[in-house]
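Visitor: Before we look at anything in particular, could you take me through the features of a model one at a time, giving the general idea and then the case in hand?

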Amino acid sequence: MTPASAGERAALGALFAELCAIPSPSGHERACADRVAAELRALGLEVVEDQAGAEVASDAGNLLARIAPAAGGAERGLLLCAHLDTVPLAAPVAPAVVDGFWVNENAGILGADNKAAVAVILAVARRLADLPPPCAVELLFTVAEETALAGASAFDAGRLRSAFGCVFDHASPIGEVVLASPTYHRIDAELRGVAAHAGIRPEAGHSAIAAAARAIAAMRLGRIDEETTANVGIVEGGTAGNVVPERCRVVAEARSLDEEKVEALIGEMVGRLHDGANAEGCDVDLTVGRLFRGYHHRPTHPALETAEAALRACGHEPRRIATGGGSDANALEVRGFPCANLANGTERNHEPGERVAVAALEEMLDVGLALVEAAPARC
């Protein structure tokens, strides 16, 4: 594997900055999808956009392209995958390099999650357009990943011709490979009480917010054990300070590497919501859904072995980790398509101080090129 040249590294940085500056919060990926598709078509690749946008409330669908192998190369090769969307923007993105890190000069996210990976995959495609790969390489760019992997979940994995795939979607130092990822359940509850004047007839009211407070106070939240977490992320209700609140919405989640544990915990949280409602004379309607299923790779998983071979070729000692987060790898694994998630060197994703080192971005490109070299041995 020939590492990226100085020209390729400079072009990568410019492309990354350009992509970050294109707003693409979940549901509004159209402009970013068009830029990616234009880049691929300029390389002579056919780009197919699916109809997932309508299903996941996005203005764009998932993009799929394929790079043919060199003569005699493996037709059943490697998938590289990244997502086009970001979490909501609190400020426009103005990418800049400060002390060796790409940052947003404004007080908001940078979008390195996951545009660092998008830029790297496009840079790999640029190399392969001039030097055909030893195996076919498919490129998948998904939408609505930040909304519970909706785009990848809506993608027809049967369209893939690759043997396995890799995503770059874990915000940790390059060299880490996700061995296990959790199953994720979410609760969306609507508590309904009775409104009344808070100063004149409070006893006639039944406070939905008080019911929610009782329920939340009784829940086990935070890190439950080394495999399991729980959180209440949204509490909203009421109309005015002088009105006993008739309604309150609560959104909560639980995750675990152990599927039985998360199912038991989510059942416990549902029970607390019912208890809180009953104690305050309120009703509760709720929905519970498993938004994605976890996985635990076997040591000989082909994508895992390929990722580790590529990392070693680039001078990184692979480190297998378990994570509390999900990625498109979860959605693809559930559909029977083997996929590994690699660290991408980004930091503080989903936070205003999100950043990625210039060196880490360039190292990721070398790893992407090495993946293409390492894949034929396991295809």
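**Pockets, fold and local geometry**

Guide: The largest pocket has a volume of about 640 Å³, where a volume is the space filled by probe spheres set on grid points that are joined across faces, edges and corners. This is a predicted model, in which local features need pLDDT of at least 70, side-chain atom pairs count only at pLDDT 80 or more, and totals for chains, interfaces and linings use all residues. Residues are numbered from 1 along each chain as its sequence is written, and side-chain values use heavy atoms, with hydrogens and water left out.

Visitor: How is a pocket defined, and which residues lie nearest the centre of the largest pocket?

Guide: On a 1 Å grid over the protein atoms alone, a cavity is a set of points where a 1.4 Å probe fits but cannot get out, whereas a pocket is an open set with protein on both sides within 12 Å along at least five of seven lines; lining residues have an atom within 4 Å of a point. Here the largest pocket has 30 lining residues, and those nearest its centre are Glu-145, Glu-146, Arg-255, Gly-326 and His-350.

Visitor: What lines the second largest pocket?

Guide: The second largest pocket holds about 160 Å³ of space, and its lining includes Tyr-184, Arg-186, Asn-231 and Arg-249. Strand 9, strand 12 (228–237) and strand 14 (247–256) each supply at least two residues of this lining, with strand 14 giving the most, four residues. The lining of the second largest pocket divides into four nonpolar, two polar and three charged residues.

Visitor: How should I read the overall fold of the chain?

Guide: The chain contains 10 helices and 20 strands, and its C-alpha trace spans about 80 × 40 × 40 Å along its principal axes. The radius of gyration is taken over C-alpha atoms, and the globule rule is 2.2 Å times the number of residues to the power 0.38; for 379 residues a compact globule would have a value near 21 Å, and the 23 Å of the chain agrees with this. Contact means heavy atoms within 4.5 Å, and among contacts in the chain with a separation of 6 or more, 79% are between residues 24 or more positions apart.

Visitor: What share of the residues in the chain is buried?

Guide: Buried means under 20% relative accessible area, exposed over 50%, and partly exposed in between (1.4 Å probe, protein chains only). By that criterion, buried residues make up 52% of the 379 residues in the chain.

Visitor: Where is Thr-86 placed, and what is it in contact with?

Guide: Thr-86 sits in the loop between strand 3 (74–83) and strand 4 (95–98), and counts as buried because its relative accessible area is 2%. Leaving aside neighbours within four places in sequence, the contacts of Thr-86 include Ser-24, Asp-113 and Glu-146. One of these partners, Asp-113, is joined to Asn-114 by a cis peptide bond, with omega about 20°, and Asn-114 belongs to helix 4 (residues 112–130).

Visitor: Which backbone angle stands out at Ala-144 and at Leu-149?

Guide: Ala-144 has a positive phi of about 55° although it is not a glycine, and Leu-149, also not a glycine, has a positive phi of about 60°. Ala-144 is found in the loop between strand 6 (135–142) and helix 5, and Leu-149 is likewise placed in the loop between strand 6 and helix 5. Ala-144 counts as buried at 1% relative accessibility, and Leu-149 counts as buried at 2%.

How values were computed: Ala, Val, Leu, Ile, Met, Phe, Trp, Tyr, Cys and Pro count as nonpolar, Asp, Glu, Lys and Arg as charged, and the others, Gly among them, as polar.
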